[in-house]
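Hi there,

Here is the structure I promised to pass on. My notes on its salt bridges follow below.

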Amino acid sequence: MARLTKKQKEAHAKIEKNKLYSLEEASALIKEITNVKFDASVDLAVRLGVDPRKANQMVRGVVTLPHGTGKEVKVLALVTPDKEAEAKEAGADFVGLDEYLDKIKGGWTDVDVIITMPSVMGKLGPLGRILGPRGLMPNPKTGTVTMDVAKAVTDVKGGKIDFKVDKTGIVHAAIGKSSFSADKIAGNAKELIDTLVKLKPAAAKGIYMKSIYLSSTMSPSVQLDPKAV
């Protein structure tokens, strides 16, 4: 087991053992125990009482964080010529079609989100083996396959994220930066949690939100009280 540094020991010491924190307490504490020299990401991990292997218990969705992600999101808009101006005006970093499809075939994936149109999806199919593992394949369910390209670009740039429960039943998402105020961290976390509550599958039985943890890059995690949240 790796030995803890002095700063890591100090951070662990500030977390009360076996205590379940309120969202406001945890958000303030995360700022206090984050001591890296860069603007660390703040992450939320929620263990749900679902069986992701069953289609009727899959939890997946999108949420627009009220205070944004704090991250500069690079967007590629794969659109037909008549939609290029719309995508550029909305703030897309890269706009085009065939030239970018060729670049992706060559291994280029230097973007965070790809937005496209229904009519273009057929051309993206063969690129699934490249885009799929990187989480870049556009999907109508996450709003990245749409005719309203401008809105999709604006939403993503404004803090819209998509999430999906993993095979262990956990939803993990970056909800901000350690430079955010505690109120903004709490606000973003609450928005995601509220969205997860609304998406509870009818087939899920027993306790739905089993545990919730807040952490930042290289910090220990702080356990929240699911009932209080």
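**Salt bridge notes**

Lysine 157 is partly exposed, at 29% relative accessibility (partly exposed lies between buried, under 20% relative accessible area, and exposed, over 50%, with a 1.4 Å probe and protein chains only). Its salt bridge partner is aspartate 93, with 2.7 Å from N to O (a salt bridge being a side-chain nitrogen of Lys or Arg within 4 Å of a carboxyl oxygen of Asp or Glu). Because aspartate 93 sits in the loop between H3 and strand E4 (94-96) and lysine 157 in helix H7 (residues 149-157), the pair ties together parts 64 residues apart in sequence. Helices (H or I, at least four residues) and strands (E, at least two) are DSSP runs, numbered from the N terminus. Aspartate 93 is partly exposed too, at 36%.

Please keep in mind that this is a predicted model: local features need pLDDT of at least 70, side-chain atom pairs count only at pLDDT 80 or more, and totals for chains, interfaces and linings use all residues. Residues are numbered from 1 along each chain as its sequence is written, and side-chain values use heavy atoms, with hydrogens and water left out.

Helix H3 (residues 81-90) holds both lysine 83 and glutamate 86, 3 residues apart, about one turn of the helix. Their side chains form a salt bridge of 3.2 Å, N to O. Lysine 83 is buried at 14% relative accessibility, while glutamate 86 is partly exposed at 24%.

Over the whole structure, the search finds 12 salt bridges.

Best wishes
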